[in-house]
Amino acid sequence: MSSGVEITRPEGAIPLAQKYSGLSEEEVKKRIIAYNPPADSRFPNQNQTKNCFQNYVDFQRCVRLRGEDYKPCQFFERNYKFLCPTGWIEKWDEQLENNTFPVKL
Amino acid sequence: MMSWGQLGFQDAGSYFMEEFIYFHDFTMMIILGVLSYVVVFLILGLISGWVDSGFVEGQLIEFMWTIFPALILIQIAFPSLLLLYLIEDFSKSFLVCKVIGHQWYWSYEIKTESSELLASVDCYMLPREDAFGMRLLLTDEFLMLPINVPVRILVTSDDVIHSWTLPSLGIKGDAVPGRLNQLNLTLNRKAMFYGQCSEICGANHSFMPIMLMGVYSWEFFAWLDRL
C-alpha cells in the first residue's frame with residue numbers, strides 16, 4: 001500500500017504499472033489514485049483541517065524558497081491535493097493571486 | 001436498507017460495524033441480566049410484606065453491591081475503549097475520498113497521483129415516481145468504493161452543517177463548513193448501502209440521501225474510467 005514513501009529503483013528500471021500497461025509515465029500517474037498522505041503525528045485526531053492547510057502553506061513556502069522544480073516540494077503538493085477539497089484550493093489560489101492570503105509566506 | 005417493522009441493526013457492511021454489533025450484543029446480555037436480577041428482587045420485596053425495622057446497615061452487602069457493578073462496568077469498558085481506538089487508526093488507508101455536503105445534495109471527489117481530479121460526482125435524490133418504491137433513498141448518481149480496501153473519507157461542507165451517515169457501515173461524520181472530518185471505512189461485501197443526511201440543514205434536509213456501492217477493485221477502476 002502506498003504511504004507516500006519515495007521508492008528508489010535501480011537505474012533503467014521502470015515501475016511495473018508502466019511496464020505491463022504500455023502507457024507512458026504521465027499516463028500511469030493520471031490513473032494512480034492509491035495514495036494516502038502519510039499519518040502526521042501533529043494531526044492525530046479526526047479534525048484534519050490543519051493537516052490540509054499546513055501542507056498547502058508548506059508547499060507554497062517550499063516553492064518560494066527552493067523554486068518550482070525542487071522535487072521534495074512535490075511531497076507537500078501531493079499531500080494537499082489529496083487532502084483538501086477542490087473548492088478550498090481554488091479559494092486559496094485566488095487569495096494568493098490577490099495578495100489576500102491570510103498567512104505570511 | 002431498513003425493512004418495515006425492523007427492530008435490530010441492518011446487516012453489517014463494514015468490519016467495524018460487525019464489531020459494533022458484537023459489542024452491542026455483549027452489552028445487551030449484561031443489561032438483560034442486571035435487569036432481570038433487579039426486577040425479580042424488586043417484585044419479591046414488594047410482595048413479601050416483610051419489614052425489618054432493625055436493618056440500618058450491612059457492611060458486607062454494601063461492599064458486594066458496589067464491587068460487582070464496578071466489575072461489570074470494567075468488563076464493558078474494555079471492548080468499548082478497544083473499539084473506540086481501533087476505529088481511529090488511519091495509518092493503513094489506501095484511498096482518499098472527499099465528501100462534500102451542499103444544500104441539498106452530496107458530492108464526492110477522488111484525486112489521482114498526478115493531481116488531476118479524476119472523479120467528482122454530484123448525487124441528487126430521485127423523485128418519488130422514479131424511486132422504485134424506495135422513496136427518499138435513491139440518488140441519480142452514487143459513489144462506488146472497492147471492498148476490502150481501507151478508505152480514508154474526509155467530510156466537509158460547502159454551506160451549512162450536514163452529516164454523512166451510513167448506518168449499515170457504522171459511520172457518521174458531521175460535514176462542517178471550514179472543517180475536514182476524517183472517517184475510516186473498509187467495506188466487507190459487494191452491496192448497495194443507503195444513508196440519509198443526519199443534521200438539519202434547511203428545507204430539503206430529508207431529501208438528500210447517500211448511496212454507496214461496494215464493488216471489486218477492477219469494477220471501481222472501470223467506473224472511474226467511465227466518469
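## Helix pairing in chain B

In this predicted model, a contact between two helices of chain B joins B:Phe16, B:Glu19, B:Phe20, B:Phe23, B:Phe26, B:Thr27, B:Ile30 and B:Val34 of α1(B) to B:Ile72, B:Gln75, B:Ile76, B:Pro79, B:Ser80, B:Leu83 and B:Leu86 of α2(B). Sorted by class, the residues in this contact of α1(B) with α2(B) are 11 nonpolar, 3 polar and 1 charged.

Two packed helices are described by the angle between their axes and the distance between the axes. For helix α1 (residues 15–48) of chain B and helix α2 (residues 59–86) of chain B, the axes come within 11 Å and the crossing angle is roughly 170°. Because that angle is over 145 degrees, α1(B) is roughly antiparallel to α2(B), and the crossing of the two helices is left-handed.

## Annotated spans of chain B

According to an unreviewed UniProt entry, residues 1–91 of chain B carry the annotation "domain: Cytochrome oxidase subunit II transmembrane region profile". In the model, this span of chain B is 68% helix and 0% strand, and the C-alpha atoms at the ends of residues 1–91 are 30 Å apart.

The unreviewed UniProt annotation "transmembrane region" is placed on residues 26–51 and 63–86 of chain B. Residues 26–51 of chain B are 88% helix and 0% strand, with 37 Å between the end C-alpha atoms, while residues 63–86 of chain B are 100% helix and 0% strand, with 35 Å between the end C-alpha atoms.

## Helix α3 of chain A and its partners

In chain A, helix α3 (residues 49–66) and helix α4 (residues 73–83) have axes that come within 8 Å and cross at roughly 150°. The two helices, α3(A) and α4(A), are therefore roughly antiparallel to each other, and their crossing is left-handed. On the side of α3(A), the contact involves A:Asn51, A:Cys52, A:Asn55, A:Tyr56, A:Asp58, A:Phe59, A:Cys62 and A:Val63, and on the side of α4(A) it involves A:Cys73, A:Phe76, A:Glu77, A:Asn79, A:Tyr80 and A:Leu83. By class, this contact of α3(A) with α4(A) has 9 nonpolar, 3 polar and 2 charged residues.

Helix α3(A) also packs against helix α5 (residues 86–97) of chain A, where the axes come within 12 Å and cross at roughly 40°. At this angle α3(A) and α5(A) are therefore oblique to each other, and the crossing is right-handed. Here A:Thr49, A:Cys52, A:Phe53, A:Tyr56, A:Gln60 and A:Arg64 of α3(A) meet A:Trp88, A:Ile89, A:Trp92, A:Asp93 and A:Leu96 of α5(A). The contact of α3(A) with α5(A) consists, by class, of 7 nonpolar, 2 polar and 2 charged residues.

## Backbone details

Most residues other than glycine have a negative phi, and most peptide bonds are trans. In chain B, the peptide bond joining B:Gln103 and B:Trp104 is cis, with omega at about 5°, and B:Trp104 is found in the loop between β1 (95–102) and β2 (105–111) of chain B. In chain A, A:Asn99 has a positive phi, near 65°, in a residue other than glycine; A:Asn99 belongs to the segment after α5 of chain A.

## Confidence

For the complex, the predictor gives an ipTM of 0.83 and a pTM of 0.84. Chain B has an average pLDDT of 90, with 96% of its residues scoring at least 70, whereas chain A has an average pLDDT of 82, with 70% of its residues scoring at least 70.

Where pLDDT is low, the predicted coordinates should not be read in detail.

Key: Residues numbered from 1 in each chain as written. Chains lettered and ligands numbered in written order. Predicted model: local features only at pLDDT ≥ 70, side-chain atom pairs only at ≥ 80, totals over all residues. Heavy atoms only, no water. Axes fitted to C-alpha atoms, helices over the stretch in contact; angles between N-to-C directions. Helix = DSSP H or I, 4+ residues; strand = E, 2+ residues; numbered from the N terminus. Parallel < 35°, antiparallel > 145°, perpendicular 65-115°, else oblique. Left-handed = near helix turned anticlockwise from the far one by under 90°. Contact = heavy atoms within 4.5 Å. Nonpolar A, V, L, I, M, F, W, Y, C, P; charged D, E, K, R; others polar. pLDDT = per-residue confidence, 0-100. UniProt positions renumbered as here; feature names shortened; annotations may be inferred.
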